[in-house]
Amino acid sequence: MADVRVGVFICHCGTNIGGVVDVPSVVEYARALPNVIYAENNLYTCSEGGLASIREKIAEHNLNRVVVAACTPRTHEPLFKNTCEDAGLNRYLFEFVNIREHCSWIHMHAKDDATEKAKQLVAMGVAKVQWLQPQQEYEGDVLKASAVIGGGIAGMTSALSLANQGYEVHLIEREKELGGLVKSVNRLFPTNVDADKVITPIIEKAKANKNIRLHMPAELKDVKGFIGDFDVTIYENGADNVIKVGTIIVATGAQELKPDGFYNYGKMDNVVTQLDLEGKLKQDKKWIDDLAGVTMINCVGCRIPERTYCSRFCCITAIKNAWILREANPKAKVVVLHRDLMAYGVEFEEYYRKAMEAGVLFLRYNLDKPPQIIGKEKPEKIKIHDELTDSHLELPCDMVVLTTPLVSARDNEAVSKMLKVPLGDGMFFLEAHLKLRPVEFATDGVYVAGSARWPVDITESISQGYAAAAKAAIPMSSGKIKVEAITSFVNIGECIACGTCVLACPFNAISVVDTDGKMHAQVNEAMCKGCGTCVATCPSGAIQQKGCTDQQILCMIETLAGGL
Amino acid sequence: MDKKPVLVVGGGIAGIQASIDLGSMGYKVYLVEKTAAIGGRMAQLDKTFPTNDCSICILAPKMIECARHENVELVTYAELQEVEPDGSGGYKVKILRKPRYVDIDKCTGCEECIEKCPIKADNEFNQKLDKRKAIYIPFAQAVPRKAVIDADICRYITQQKCGLCKKVCQAEAIDFDQKEEILEIDAGAVVLATGFDLYDISAMREYGYGQIKDVITAMQFERLICASGPSHGHLERPSDGEIPKSLAFIQCVGSRDQINNPYCSSVCCMHATKEAILANEHYPHLKPHIFYTDMRAVGKRFQDYVTRAHDQYNVEYVRSRPSKIVEDEETGNPVIYYEDTVSQTVKKKEFEMVVLCQALIPSVSHQELAKVLGVSLDSCGFITVPDKLFNPVDTDKEGIFACGFCQSPQDIPDSVVQASGCAARVAEYLAEVS
Amino acid sequence: MIDNGFEPKILAFCCNWCSYAGADLAGVSRLQMPPNLRVIRVMCSGRVSVEWVIKAFSSGMDGVMVLGCHIGDCHYIDGNHRTKKRFVLLGKLLGALGIEPDRLCLDWVSASEGQKFQDVVTKFTSRVKELGPNPIVAA
Amino acid sequence: MIDKVRQIISDLLDRGEADAVLALANEHGNVQPYLYKKGDSLDNLVLWPKYSMGPIVQSIQNADPALKLAVVVRGCDDRALVELAKRNQISLFNVRIIGLACTEAEAKECACAHPYPRSIDVGDKIDGIVSSDELAEVSGKDYGGRLQFWKDAFARCIKCYGCRNGCPLCICEDCVLEDDAWVKAGEIPPPFPIFHLIRAYHLSDKCVECGECQSSCPMDIPLTSLYAMIREEFSGLFDYMPGADEDRKSPLVTSLEEEPIREGTA
């Protein structure tokens, strides 16, 4: 090992370590370890005094490795790495040894054993630090441009937000016009505002914004590359066109389930879905006057074994349309049959109460006693079993509206293959973490918003649109991504391109490439998260992880085994 | 382009996420937190639905990332004192830093002082199920992991007696002369993330909370079942410390009722299901009952979670809204009176422990906040979002945005989405203003 | 614990996000444990090579533990899926060669399970004590 | 049996379905791999189970990747080719497999549990030998007994790397067993069990039961029994047999969703 000069700093942490571990004897022991030039103990190594001492001793003894034995690296490692860097030492020539949480605090009544253990842990740290190499953190450039796939409400929100922040946006829409599902909606809950009156200005803003390049109609064909440098190929007016962007937002939305096979849908007139009804209401409202009764049946085609999920806001759509019909024709008997009324939050609960006060009848039904429609070509009456009163009712009904869930868009599978991002339940896109990273994918640089991820209403689609814009803006704002130097690297000579590591990588960060005729694995540092799973699957050790090479761990095992 | 700093109010998961996103976009962020550590309500949870992730396991990395972010400065144990528009779209803010009587640069979180301190008080973090000292660290994984002295009960501050903590502190971090400080910043924009508080249900006499020992709140249940809680994860009944042989949850306690809170708190159906699953997981003999009105499992993979609770964890869903709970004379156990709406009969059933899913209300700090910031509150005390449909995170004051439960009842993922949403809106606003 | 004077040498590989954090919490909560354990930190339990554990047994370690995140909790999505399969297999291979599989412990400890970390370590240490010194190097 | 094989070979060559056929031939008195071209005489063809064709196919393809090759294989070769293809060492696209099933005697001699290829062109499928008396003896012992058995066996190891060099699936360019950090140079026998357990682990998802390791071992170490035990454990855990299915990836590399552990075994 070329001229290794190790400095060891052992902390008392007041009495937390010093009260159990005989720190001075550990310092004495450390001095005798291989290549240890300097060793000292401090009352609080993490205090200003401790850090200053490290900086001084690095300069004074021209140390090129530092070991600190103190509390836990999870909270204090960056602090000490920065201190080494301030003293001109590469921050990766540092090893942290935990002798508080993993030693003094859990062996308070076995002081000798604790001291012996501390010595061995320090010996293991000193053994490993010899083999550490200086590292440079990978810095990739990030193009300040984003591709938003899908021009619905979520996609437009992301595009406008990024454009307003000054980024170039390519908005890709498969249809001939922007707006997505909202275009086919009559009014919007909970304010009952006219959908067109609100969505049209947003579409105009998106078209007018100088930072947004609209590709419409355009079909997504292929995506290559990684965060900061994606090549997005789209098919537009007869030709393939490659757009170069730094980030991608998936906002491909979802579609209403057409419930064939439920309640004679498609076989009987006047048995429609909520979206069909929205279309009828947009045209004209005269036909409502001669309605005797309307029954809405909620949860059609969902919360059943074949499609287990609740589609979140269809209850509110039912309330909206029932209320509109009721107000247009107070004589008509408007009934909503539900299996739980999902009016969550402040506005929806109030909306639900107002609809009740307006005379809409809400009855609870059960799947094992479903309502029966009576009528030949079109419904005339409906037989209902009300669960709460356990009674049968027969009501006039010349229209049945089936409230169905949103289901995933047909081309999700294709888009997911192109972007190498996973699909989850119901073939919706699967986010990186359901609770804390809802609009990101595990693959960096690709984000998701709106019903492409899971059925959400307009407000939530817009929130997710903004959130995805924020996530995309992060790498684009600095134009750089920095990756902690704990990624894997391949020794080309030793690699036989067997592809085992490629399969093991949870992040698709490794690929087999050809360099001057030699096939070998190659790690994309921008995508590698530094988990090391690939290294453990490679039989020949051709791929290693910075800061955790086989050599660095084996010498710790060797030290430990030889130590006692 | 020198970006103006951004003020984030509230150190829960929403405030943390907004701060990380804004900081990562290159903005300087001041995160003001009323208590002595960030983490908010999520830090008190044992697990989160529907994945049963351990809450602190997914929160701690975010807390550490936020605290160590080069662009984020934590201002804990502090409140907003004064906010004046600065005439160019931003706000001149005065932040009152309450005295901790501990120098956080010196304190290493070693807890020597806590062992020696003789004064005890109810531990709010553990919902008063156990005690904490006058000098304390809010919770084991608190960030920053620094002590704070509760000035109201500290014998030295109130009567100049004791001072034991100062004697044992080797880092000389105790500073009884610490005064409150004012931190002034000129913020380009403000993000509110002040979260929720728990509705005081002791006034609802029909459910006997506060009178019947083994009637507890859902948050108390979370602390009991949590491995780092007062009973180390053992579901010990407050009355005799035994493990209950039967367990019930009652939904909508103080929610969806015109006297207390008209709205639905949105998360109780799911956290009750989670708690029932945890109860059965820890104690397979338990058949938890959940008394509900509408089982609102509306989020991603929620409905499967409820189905699994019923099929695999013996959870029984009873569609009924119990009228009252009475203490059984001999056993002292709570007895629930309810109308089973499916069989249309009035029934009563004794349980060894009843958990009330109390309403979640906007943070009590909102009254103060509204005055200081000039943002308006809606009838239920949430921060008003005038155009909820198309501008879901904009308040009625320019440059002030709001995310999470403080503006509408929502769960963790929706709060995190709105937090990132605020970051985008702030970036747009500051780009537009400059 | 049987006190036959034999103090086993035990090595544990802990993942930074869960089991190492659980060990930290056990420390913060002052949960006392036998002092035989030495921990090596890796970013993910998926990084723990089976060959390391074989080298550890060959070099005389009496017991080896591999502690990762619960399946589904992995910070790297499913790194720990490989850990589970590899070390269930290694247990079987050790058995085939006549090395008691109980000398290898594969378990999952979350960042909030300080108590579980204490239990797992204490139980494993006494089990290895029962099994006696590593037979590979002993005879 | 041999005439049928000759017929297949000549048909393939005459119809141009293969540019060359790899099989074994008796040349100058010893049996060796032979590349038959169109028109070659097939008299010297030999059918002999104990020659591992995997590495030969590998070197032929390295020399001439586009060659349309047919190869006469037994069950173990067939499985070896599948595992080599899975690891990009050869491509089966240009390879036409002529599958020979081993006879009762041949299967007995190799103590082989699957003495037949995936698709049999010549010969009949017979049940393999599930256990040998040696294997039975070892598995019958308790841990102490097994340990002693293997210690004694491996004490004879002179670290000649014969087992590794003979194995068709030991394909690393730079073997860890030659790296000082893992196995100190000059220590004979290598410290038990590091050498043989690391190799056993490496082969646990690759071993195709060809027996080359034992036949290459000068010290008669019972490696076929060792690998039989390992294969049994592996298939017990993952219901996976190396070489049986070209598209199925190794359980040690994939996630639990793709290749789960069988219930009740973990």
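Biologist: In what order do the 4 strands of the open sheet in chain C lie?

Modeller: The order in chain C is S2-S1-S3-S4, with parallel pairing. Please keep in mind that this is a predicted model, where local features need pLDDT of at least 70 and side-chain atom pairs count only at pLDDT 80 or more, while totals for chains, interfaces and linings use all residues. Residues are numbered from 1 along each chain as its sequence is written, with chains lettered from A and ligands numbered from 1 in the order in which they are written.

Biologist: How do you know that strand S1 and strand S3 of chain C are joined?

Modeller: Strands are DSSP runs of E with at least two residues, helices are runs of H or I with at least four, and both are numbered from the N terminus. Two strands pair if DSSP finds at least two bridges between them. S1(C) (residues 10-15) and S3(C) (residues 63-68) run parallel and have 5 bridges, so they pass that test. In this pairing, Ala12(C) stands opposite Met65(C) of S3(C).

Biologist: What makes strand S2 and strand S4 of chain C edge strands?

Modeller: S2(C) (37-42) and S4(C) (104-108) each pair on one side only. Neighbouring strands of the sheet are turned against each other by 20° on average, direction ignored.

Biologist: Let's move to helices. At what angle do helix H2 of chain C and helix H8 of chain D pack?

Modeller: H2(C) (residues 50-58) and H8(D) (residues 194-203) pack at about 160°, with axes 10 Å apart. Axes are lines fitted to C-alpha atoms, for helices over the stretch in contact, and angles run from 0 to 180 degrees between N-to-C directions.

Biologist: Why is H2(C) called roughly antiparallel to H8(D)?

Modeller: Under 35 degrees counts as roughly parallel, over 145 as roughly antiparallel, 65 to 115 as roughly perpendicular, and the rest as oblique. Their angle is about 160°, which makes H2(C) roughly antiparallel to H8(D).

Biologist: Which residues make the contact of H2(C) with H8(D)?

Modeller: H2(C) brings Val50(C), Glu51(C), Ile54(C), Lys55(C) and Ser58(C), and H8(D) brings Ile194(D), Leu197(D), Ile198(D) and Tyr201(D). Residues are in contact if their C-beta atoms, placed from the backbone, lie within 7 Å. By class there are 6 nonpolar, 1 polar and 2 charged residues. Ala, Val, Leu, Ile, Met, Phe, Trp, Tyr, Cys and Pro count as nonpolar, Asp, Glu, Lys and Arg as charged, and the others, Gly among them, as polar.

Biologist: How many residues of chain A are in contact with chain B?

Modeller: 57 residues of chain A are in contact with 60 of chain B. H11(A) (458-478) gives the most to the chain A side, with 15 residues. That side has 28 nonpolar, 17 polar and 12 charged residues.

How values were computed
Contact = placed C-beta atoms within 7 Å.
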